[in-house]
Amino acid sequence: MKEVSAAIVGGGPAGLQAAITLAEQGVETLLFEEHAVIGEPIQCGEGLSIHAFKDLSIPKNDENFCVRELDTCHLSFPENQTILGDIHAIMLKRDKFDQFLSDKAKDLGVKVLTSAKVEDLQNRTDGVRIRLKDKNSSEYLAKFLILAEGPNAKLARKLNFEPPSPMIKAYEYKLKGEWSEKLEFHFDANKYPFGYCWVFPRDGETNVGIVTTAKDRKQRLDNFLKLKKISGDILKKIGGQIPMNGPVNKLYCGRVLLAGDTAGMVNPIFYGGIRLGMTSGRIAGKSVVNNLKMESERGIFNLKNYEEDLGKHNFMKKINLQAHRFFYTRSNRFLTKLGEVSNYSYINRIEGLQIIKTLGKVLKRPTLLANPIGLYWLYRGFMIARDWGF
Ligand SMILES: Cc1cc2nc3c(=O)[nH]c(=O)nc-3n(C[C@H](O)[C@H](O)[C@H](O)COP(=O)(O)OP(=O)(O)OC[C@H]3O[C@@H](n4cnc5c(N)ncnc54)[C@H](O)[C@@H]3O)c2cc1C
């Protein structure tokens with residue numbers, strides 16, 4: 001059985017960023033990805049917050065994976081009110097982006113094994129035993145393991161972790177032609193319960209999708225296209241599930257740390273998870289570096305620092321979930337009033353004098369005033385989503 005200092009399951013953004021962080025600190029790292037090609041198949045709207053590029057030292061002008069930068073975002077409400085969102089993002093070629101991360105990891109010395117499905121894990125006192133689903137049932141022993149296997153969290157369940165729950169499903173068309181000049185999010189409590197439709201323009205193409213708890217999402221997306229008079233050949237159809245309620249409670253156990261979607265690292269307002277996943281991967285990597293050192297020097301380890309470091313970020317705060325629950329259980333009547341208050345102003349830039357002006361408008365609308373604490377959650381949640389939304 002081959003022994004290794006650190007192993008990662010999952011070659012998505014969370015696992016790859018964890019691998020990069022470990023290798024940067026000189027840790028011998030092995031990453032297992034079940035698919036033959038990193039980044040395929042794509043299951044993503046392909047928008048990534050501009051903040052991620054700075055935080056995680058990603059070049060934002062790399063034409064291999066950066067398609068287009070967008071600094072205008074419209075949040076549309078039921079009766080066509082439009083709130084401006086201070087959300088600045090780059091549209092990615094998500095497959096090429098993941099491959100860029102994988103190449104970076106390999107250049108730093110990470111061994112990336114593709115077509116390597118991990119079938120079983122045993123979280124033991126001397127390390128984590130890893131068994132692959134291959135003809136030899138190959139086995140490895142890692143001192144620490146970062147589990148970034150995506151939203152299904154099958155291995156996490158086997159290890160008795162609570163999986164991210166509930167899930168929300170998303171469905172998207174990649175269409176020929178550019179059908180907008182800006183990022184668009186369309187909210188409607190009746191048509192897209194617990195979610196929205198999006199329009200993300202690219203270069204000669206547009207990603208148009210829906211995320212909702214409604215089961216007939218394809219039909220609802222088709223209706224949205226008709227309503228917005230968006231046509232264009234369908235180049236690709238994609239779908240997938242997304243953790244809906246933010247981070248899970250238990251993030252580590254024994255020698256295993258959870259990162260990315262497996263740990264529920266998704267912002268519950270816009271349901272984006274690339275940046276949160278990579279951030280959690282980076283923090284998990286740092287925690288493993290520290291614990292390897294601690295164990296070799298003092299014979300003990302303590303993964304609690306993973307949870308503590310994550311806890312310093314406001315995307316971990318409970319208020320995100322409170323904002324999510326409040327926002328997505330409002331009626332269209334409420335959303336319409338909210339749209340009126342903020343029409344053509346920035347919902348997530350209400351600061352200073354703007355707070356007083358906005359409060360004045362809120363006071364004139366009793367529908368909004370029924371739950372002032374909910375309004376506060378919403379305000380804070382959208383502020384956090386500006387930075388960590390996707
Ligand atoms: C339709 C859709 C649109 C989205 N749009 C956006 C968006 O625009 N912006 C955004 O920020 N987020 C978006 N998201 C969410 C985002 O895609 C995820 O949050 C992100 O991919 C999570 O990264 P990850 O590394 O945790 O998991 P993943 O990207 O899912 O990677 C997990 C990897 O683990 C591998 N794996 C699983 N099990 C095993 C195993 N047993 N052995 C070996 N390998 C295994 C998988 O093959 C996969 O490659 C969207 C999601 C969906 C479904």
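Strands are DSSP runs of E of at least two residues, numbered from the N terminus. In the predicted model described here, Y196 belongs to strand β14. This residue is buried, because its relative accessibility is 4% and the term applies to values under 20%. Leaving aside residues up to four places away in sequence, Y196 touches F185, H186, F187, G209, I210, V211, I269, F270, Y271 and Y328. One of these contacts, V211, lies 15 residues from Y196 in sequence, while the C-alpha atoms of the two residues are 5.7 Å apart in space. The side chain of Y196 also reaches the backbone oxygen of F270, at 2.5 Å.

Y328, another of the residues touched by Y196, is one of the buried residues of helix α8. The buried positions are I319, N320, L321, A323, H324, F326, F327 and Y328. The cover over these residues includes strand β14 (196-201) together with helices α9 (332-342) and α12 (372-388).

The cysteines were examined next. A search of the whole structure finds 0 disulfides. A disulfide is a covalent bond between the sulfur atoms of two cysteines. For C73, the closest cysteine sulfur is that of C197, and the separation of 14 Å is too far for a bond, since a disulfide requires the two sulfur atoms to be within 2.5 Å. C197 is likewise in no disulfide, the nearest cysteine sulfur being that of C73. C73 is buried, with a relative accessible area of 1%, and C197 is buried with a value of 0%.

A polar backbone atom of A14 is 3.0 Å from an oxygen atom of the ligand. At G45, a backbone N or O atom lies 2.7 Å from a nitrogen atom of the ligand. A backbone N or O atom of I274 is placed 3.0 Å from a ligand oxygen atom. Taken alone, the ligand exposes 1,000 Å², and the protein buries 90% of that area.

Most residues other than glycine have a negative phi, and most peptide bonds are trans. The peptide bond from E40 to P41 is cis, with omega near -5 degrees, and P41 is found in the loop between β2 (29-32) and β3 (47-49). Another cis peptide bond joins S165 and P166, with omega about -5 degrees. P166 lies in the loop between α4 (154-158) and β12 (167-176).

N160 is also found in the loop between α4 and β12. Although N160 is not a glycine, its phi is positive, at about 70 degrees. N160 is exposed, with a relative accessible area of 64%. K229, also not a glycine, has a positive phi of about 55 degrees. K229 is placed in the loop between α5 (217-227) and β16, and counts as exposed because its relative accessibility is 69%, where the term applies to values over 50%.

Terms used: Residues are numbered from 1 along each chain as its sequence is written. This is a predicted model: local features need pLDDT of at least 70, side-chain atom pairs count only at pLDDT 80 or more; totals for chains, interfaces and linings use all residues. Side-chain values use heavy atoms; hydrogens and water are left out. Buried means under 20% relative accessible area, exposed over 50%, partly exposed in between (1.4 Å probe, protein chains only). Helices (H or I, at least four residues) and strands (E, at least two) are DSSP runs, numbered from the N terminus. Contact means heavy atoms within 4.5 Å. A polar contact is a pair of N or O atoms within 3.5 Å; within protein, one must be able to donate a hydrogen and the other to accept it, and residues adjacent in sequence count only if both atoms are side-chain atoms. Accessible areas come from the Shrake-Rupley method with a 1.4 Å probe; for residues, only the protein chains shown count as cover.
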